[in-house]
Amino acid sequence: KYPIIGRREDLNCIKLNDVKNFYNENYSPSNISIAVVSSMPFTEVIQLVNKYFSTWENKVNEKSISDE
């Protein structure tokens, strides 16, 4: 069983470029979920979500679950 954050020897081998490549290949609007817990009015929540996420574009070479 692997620890959630990884094994120390694996973490020590990771380079910044590896992390950037992983992020660029795996983080995209089509594969995230956003949960908001707040007393803020819904319309304000939507405005903030749009402010921070509306320019985030899907990747061109995005893999679907069926590709794996």
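Predicted model: local features only at pLDDT ≥ 70, side-chain atom pairs only at ≥ 80, totals over all residues.
Q: Let's start with the overall fold. How many helices and strands are there, and in what order do the elements run?
A: The protein has three helices and zero strands. Read from the N terminus, the order is α-α-α.

Q: What share of the residues counts as buried?
A: Burial is judged by relative accessible area, with under 20% counting as buried. Here 3% of the 68 residues fall in that class. As for the surface, the protein exposes about 6700 Å², and carbon and sulfur atoms supply 56% of it.

Q: Which residues make a nonpolar surface patch?
A: A patch is built from residues with over 30% relative accessible area and no salt bridge, and nonpolar side chains are joined within 5 Å. In this model Ile 32, Ile 34, Val 36, Met 40, Leu 48, Tyr 52 and Phe 53 make such a patch, of about 600 Å².

Q: Could we take one member, Leu 48? Where is Leu 48 found?
A: Leu 48 sits in helix α3, which covers residues 42-53. Its relative accessibility is 37%, so Leu 48 counts as partly exposed. Phe 53, another patch member, is partly exposed as well, at 35%.

Q: How should I read aromatic pairs, and how many are there?
A: Two values describe a pair of aromatic rings: the distance of the centres and the angle of the planes. The count here comes to three aromatic pairs. One of them joins Phe 22 and Tyr 27, edge-to-face, at 6.3 Å centre to centre and 65 degrees between the planes. Another joins Phe 53 and Trp 56; this pair is tilted, with 6.1 Å between centres and 40 degrees between planes.

Q: Which residues do ring pairs link into a cluster?
A: Phe 22, Tyr 23 and Tyr 27 are linked in this way. Of these, Tyr 27 is partly exposed, with a relative accessible area of 39%.

Q: And the charged side chains: which residues are linked in a network of salt bridges?
A: The network links Arg 7, Glu 9 and Asp 10, and the count of salt bridges is two. Arg 7 bridges to Asp 10 with the closest N and O atoms 2.9 Å apart, and to Glu 9 with those atoms 3.7 Å apart.

Note on methods:
Residues numbered from 1 in each chain as written. Heavy atoms only, no water. Patch = residues over 30% accessible without salt bridge, like charges linked within 9 Å, V, L, I, M, F, W, Y side chains within 5 Å. Areas by Shrake-Rupley, 256 points an atom, 1.4 Å probe, with all protein chains shown as cover. Salt bridge = Lys/Arg side-chain N within 4 Å of Asp/Glu carboxyl O. Helix = DSSP H or I, 4+ residues; strand = E, 2+ residues; numbered from the N terminus. Buried < 20%, exposed > 50% of the residue type's maximum accessible area, 1.4 Å probe, protein only. Phe/Tyr/Trp six-rings, centres within 6.5 Å; stacked < 30°, edge-to-face > 60°.
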